[in-house]
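Me: Could you walk me through the charged side chains in this one? I will ask as we go.
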Amino acid sequence: MTLSASLLQNKRYVIVSLFLAVVASLLYHFLVENRAYVELNVQTDKRTIFKIYWKQAGGEWSEERMAANVVKPGHTAYSFRIGDLNRISALRIDPSERIATVLIRSLVITQRGFPPIRIDTKEAFEQLRPLAGIRELTLDDQGLSIVPANKDPWLGYDLPTLTRQS
């Protein structure tokens, strides 16, 4: 192999490597940095699915803007990602997909550049409002206990006005 062919091969390798590095950086930025991280502490008496939907102001709930996690007895800590807090005005929490008692002990949402949203005190839990399918809500020192009336209970939560911090 001649020197010029070797240099040309090295240039291609460098260009491809740089391209892949830029693509990886952009994917990380849009899929990790610009998405909120949810830490959920929840108990249930039956295996079920816990979902969080998000929407923009004036928007509609959509399966495209939803994160779900299977919750089961004996396990309490869960985490997942939702959309960009900069674009979210409200959350809809579906604590179960079946008749199952669910106790939400805490729900903490963090994203770089925003103050954390903590739903872990009596005052914060009182901001959750029943939207549909809920027979009974009980708030005590343990958290918020939900007994559904059907297989699709909904709680609503309007996010406070958030400003991005540097």
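Me: Which residues form a positive surface patch?
Reply: The patch is formed by Lys 46, Arg 47, Lys 72, Arg 98 and Lys 151. Patch residues have over 30% relative accessible area and no salt bridge, and like charges are joined within 9 Å, with the place of a charge taken as NZ of Lys or CZ of Arg. This is a predicted model, where local features need pLDDT of at least 70 and side-chain atom pairs count only at pLDDT 80 or more, while totals for chains, interfaces and linings use all residues. Residues are numbered from 1 along each chain as its sequence is written, and side-chain values use heavy atoms, leaving out hydrogens and water.

Me: Where is Lys 151 found?
Reply: Lys 151 is in the loop between strand S10 (143-148) and strand S11 (154-158), strands being DSSP runs of E with at least two residues, numbered from the N terminus.

Me: And is Lys 151 buried or exposed?
Reply: Lys 151 counts as exposed because its relative accessibility is 59%; exposed means over 50%, buried under 20% and partly exposed in between, with a 1.4 Å probe and protein chains only.

Me: New topic: how many salt bridges does the structure hold?
Reply: The structure holds 5 salt bridges, each a side-chain nitrogen of Lys or Arg within 4 Å of a carboxyl oxygen of Asp or Glu. One of them joins Arg 92 to Asp 94, with the closest N and O atoms 2.8 Å apart, and both residues are buried.

Me: What does Arg 129 meet in a salt bridge?
Reply: Arg 129 meets Asp 158, at 3.6 Å from N to O. This pair links distant parts of the chain, 29 residues apart, with Arg 129 in strand S8 (residues 129-132) and Asp 158 in strand S11.

Conventions:
Patches are made of residues with over 30% relative accessible area and no salt bridge: like charges are joined within 9 Å, nonpolar side chains (Val, Leu, Ile, Met, Phe, Trp, Tyr) within 5 Å. Accessible areas come from the Shrake-Rupley method with a 1.4 Å probe; for residues, only the protein chains shown count as cover. Lys and Arg count as positive and Asp and Glu as negative; His and the chain ends are not counted. Helices (H or I, at least four residues) and strands (E, at least two) are DSSP runs, numbered from the N terminus.
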